[in-house]
Amino acid sequence: MPPNNPYIEKVRLDPDILTDTKEIYSHRWKWSEYFWNNSPLVLEIGTWMGNFFGKQVTENPDKNFLGIEIRYKRLFQTAQKSRKTNKKPSFVILKDFGQNISRMFETGEISETYIFFPDPRANKDRQRKHRLLQEKFLSDLHDITSPGGKVYFKTDHKEYFDSTKEIIESQWLWKISRWTHNYEASEFFDMKNITEFEGFYRGENTDICYLELEK
Ligand SMILES: C[S@@+](CC[C@H](N)C(=O)[O-])C[C@H]1O[C@@H](n2cnc3c(N)ncnc32)[C@H](O)[C@@H]1O
C-alpha cells in the first residue's frame with residue numbers, strides 16, 4: 001500500500017475500528033463489557049469490503065459482531081456498510097491478523113465464526129505456510145468457541161478445503177455438522193447470504209466447498 005493511502009487516516013479516525021493491538025488484546029474476555037450487553041459474539045475473519053458482515057450486523061441487532069481484516073480500505077468500507085441501519089448497530093472492526101485470535105478472545109467467548117475464501121489460496125509450499133487454517137489456528141478457534149458454538153467455512157480451493165478438513169478430523173475436537181464440495185447444489189445453499197468473493201465465482205463453473213463445524 002503506498003504511504004499516502006487516504007484510508008489510513010480515515011481508519012484512524014473511525015470510532016468503530018480498533019487498530020492498536022495492545023488495546024484489542026485488552027478487551028479479551030471483556031468484549032461483552034465493550035458492547036455493554038451480553039448478546040452472543042459473532043466473528044468474521046477477512047471481511048473484504050464488508051457486504052456479508054454489514055448485512056449480518058444490520059439484520060441481527062440481537063448479536064454483537066466483530067470483524068477482523070488487515071487492509072485499510074477494507075476495514076473502512078466494512079465499518080461504513082455496518083452503519084447502514086436505522087437501529088444502533090452493534091459491531092467493531094479489528095485491524096489484526098486472524099492468526100492472533102487467542103490473544104483477542106478468551107476460552108468460549110465466541111458463539112459463531114465465519115471464514116469465507118481465506119488467502120492465500122495458491123498451492124506453492126511457500127504460500128501454504130501462510131494459510132490461516134492450520135493446526136494451531138484450528139485448535140485456538142475451538143478454544144475460543146462457546147459450547148454448541150459454530151464455525152462456517154467456504155472456499156473455492158478444493159485442496160485447501162480437503163487439507164483443512166483432514167486436520168479437523170485428526171484433531172477430534174469438532175463435530176462436522178455439514179460439508180460439501182458443491183455448496184451451490186446442496187440443500188443448505190443460502191443465496192441471500194453469498195459473499196463478494198462467492199459472487200465473483202457464480203456462473204464461472206467453479207464449485208464452492210462448504211464446511212460447518214459445531215463445538
Ligand atoms: C479472498 S478475500 C475474501 C473476502 C470475503 N471473506 C469474501 O468471501 O468475499 C480474503 C480477505 O481476507 C483478508 N485477509 C488476508 N489475510 C488475513 C489474515 N491473516 N487475517 C485477517 N484477514 C486476512 C484480505 O485482506 C481479504 O479481505
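Biologist: What should I know about the model before reading it?

Modeller: It is predicted: local features need pLDDT of at least 70, side-chain atom pairs count only at pLDDT 80 or more, and totals for chains, interfaces and linings use all residues. Residues are numbered from 1 along each chain as its sequence is written, and side-chain values use heavy atoms, with hydrogens and water left out.

Biologist: How many salt bridges does the structure hold?

Modeller: A salt bridge is a side-chain nitrogen of Lys or Arg within 4 Å of a carboxyl oxygen of Asp or Glu. The structure holds 15 of them. One of these joins Arg-12 to Glu-9, with the closest N and O atoms 2.9 Å apart.

Biologist: Where do Arg-12 and Glu-9 lie?

Modeller: Helices (H or I, at least four residues) and strands (E, at least two) are DSSP runs, numbered from the N terminus. Both residues are in helix α1 (residues 7-13), three residues apart, about one turn of the helix.

Biologist: Is Arg-131 buried or exposed?

Modeller: Buried means under 20% relative accessible area, exposed over 50%, and partly exposed in between (1.4 Å probe, protein chains only). Arg-131 has 5%, so this residue is buried. Its salt-bridge partner is Glu-159, with the closest N and O atoms 2.8 Å apart. The pair links distant parts of the chain, 28 residues apart: Arg-131 is in the loop between α7 (125-128) and α8 (135-144), Glu-159 in helix α9 (residues 158-171). Glu-159 is partly exposed at 25%.

Biologist: Which residue forms a salt bridge with Glu-214?

Modeller: Lys-175, at 4.0 Å from N to O. This pair also links distant parts of the chain, 39 residues apart, with Glu-214 in strand β8 (residues 209-214) and Lys-175 in strand β7 (residues 175-180). Lys-175 is exposed at 53%, while Glu-214 is partly exposed at 24%.

Biologist: Which residues come nearest to the ligand?

Modeller: A residue is near a molecule if one of its heavy atoms lies within 4 Å of it. Of the 18 residues around the ligand, Gly-46, Glu-69, Phe-116, Thr-195 and Phe-197 come nearest. β2 (41-45) and α10 (196-201) each supply at least two residues of this shell.
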